Amino acid sequence: MAKKSTKKEPKAPNLRRGKVKVAEDGAAAFESGAAEGPRSFDPGEIAEELRMYWKSGDGDSFMLCGKDGRWARMTKDATIDAMRALPGRMIAIKARDGEMLSESKLIMHHTRTERAVDEVLPSLPGYMSGVCELDSGERVLVKNAPKIVEPTPGEWPNIKLLIEGRLDRRAAGSVDQSVYFHSWCKVAATAIREGQPGHWRAGHAMILAGPAGCGKNRLQEQIITPLLGGYGRFADPQKFLFEADEFNGDVFAAEHLMLSEIPIPSQRTVDRTSLAEKIKQIVANPAQRMRLMRTEPCSVSPFWRLTISVNDDPDKLRSLPLITSDFGDKVLVFQCEAAPIPLIERNSIESQRLFRDTMAEELPHYLYWLLNEFTIPEEMLTYADGRDATRFGFREYHAPCIKDELFDETPAAKLMSLIDSAIFTRGSKDWEEELEGVTEAKLWDLPGDKEHFLNDGSRIKVWHGKAETLQMLMTNEGGYICNVATMAKEIFKRSQCSSLLSRLFNDEHFRDVRISKKNTNAWKGWLIGPPQV
């Protein structure tokens, strides 16, 4: 049996590296290989092609974006597989001769040093998918962007029925509120398309008040939410508005802050004022403080729109903030009617599915009409006195019945009622010279500084004095006996008279009609007149 040869076959020459030949003079000479050299290697270019980032503290895990636009956290081995799967590239996983790091490790090192982010967030209101820098300097990776509806021409009859069925109150002797709703949607839809973080156009908060089951929530869920960021892009701001919530990451994941009913109804003035301040913060402050678990707080400029739906039960309504001058310009208050919901004859699964599908089909047509055909009426762009009203796109609207309901039973309203009911009789002061033959008088009939102011072209008699003087008169400490002193004392236990008069003055129903300001060189004064017929 022949012995098997153990001699190795000669290794084929590496054409790319070249080979050595014997020259004619017998000396060795190097001849370059004929193969094409490798593509130039740039770790930054590879990382950008992979859309590869590293979250600080994540060790050997990396964030990569797939072809479908979805972000995923990958292990070291999975990241290397993604590198080697790039077409036209063969990323080396071992270091070559004279190299300290392999190409794969160079890419990872570059990503850790040049493409690091401080946090990975599922979404941020109004922010597109990718890496962005926050107001406070942190770099964050946002995984999901809002789904912006593309407008297309077409009809939207069922959306029209849904909106006008709840907001057109002309048949009830009121106004068509639909134009304010359309204007709100136009301003919001334009803002999210044309704005950018830190430069969003602010918009009113919206309050929808109406009977239970009238369809208030359907306006929020089927029109506003998908119009702003897509179905599912809403958050419940309950903790943000009503509690000292240390962690508020949930409201920083959606464009639409949607509240259905007041969770803990409270008619205390301090609670209603606190709610007003929180709403004003959402509406008017461009930068907001975001606090996530296990992270330091940071400043973010979110795109937010706040809507609140509430039943028109008086006790529920009186939990909403008072419509004061500093709050009223930041909110729309609608009174909703109970009307049939389009396409829903019976509350079945099939009819609910048909309703949702139809709303989704008509929404691009409604959006096209808003952006290209609808124009905010000129009279909504200025106030009656000529002042510009476009800070939030157009001037505010407050349904009169709802606004009056919010004011009733407040300390200021009670004080106005007591002033109208108050009858003063003779006390320690002698008033015979002023009121001959009169045994009792109203506030504006009492002796003192005689002032008059114009009201609808006529001069009326009013009381003129300080808030402290009024409080003394109403509580039997001003030299006269007042028939409502006991009730007045209860009011003044909780609120200062000057604060209540200021709230009355800020109400358009009373300002310069029942109450006005009249200062002297020595003190701050008030004018209070009788009820007008």
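Trainee: Among contacts between residues at least 6 apart in sequence, what share joins residues at least 24 apart?
Mentor: This is a predicted model, in which local features need pLDDT of at least 70 and side-chain atom pairs count only at pLDDT 80 or more, while totals for chains, interfaces and linings use all residues. Residues are numbered from 1 along each chain as its sequence is written, and side-chain values use heavy atoms, with hydrogens and water left out. With contact taken as heavy atoms within 4.5 Å, the share that joins residues at least 24 apart is 64%.

Trainee: What percentage of the 533 residues in the chain is buried?
Mentor: Buried is a matter of relative accessible area, under 20% with a 1.4 Å probe and protein chains only. By that cut-off, the buried part of the 533 residues is 45%.

Trainee: Which helix gives the most to the lining of the largest cavity?
Mentor: On a 1 Å grid over the protein atoms alone, a cavity is a set of points where a 1.4 Å probe fits but cannot get out, and lining residues have an atom within 4 Å of a point. The largest cavity holds about 110 Å³, a volume being the space filled by probe spheres set on grid points joined across faces, edges and corners. Helix 12 (400-407) and helix 16 (497-506) each supply at least two lining residues, and the most, three residues, come from helix 12.

Trainee: How many charged residues are there in the lining of the largest pocket?
Mentor: A pocket is an open set of points with protein on both sides within 12 Å along at least five of seven lines. The largest has a volume of about 690 Å³, and of its 28 lining residues, Tyr 383, Arg 387, Glu 396, His 398 and Glu 508 lie nearest its centre. With Asp, Glu, Lys and Arg counted as charged, the lining has eight nonpolar and nine polar residues, and the charged ones number 11.

Terms used:
Buried < 20%, exposed > 50% of the residue type's maximum accessible area, 1.4 Å probe, protein only. Helix = DSSP H or I, 4+ residues; strand = E, 2+ residues; numbered from the N terminus.
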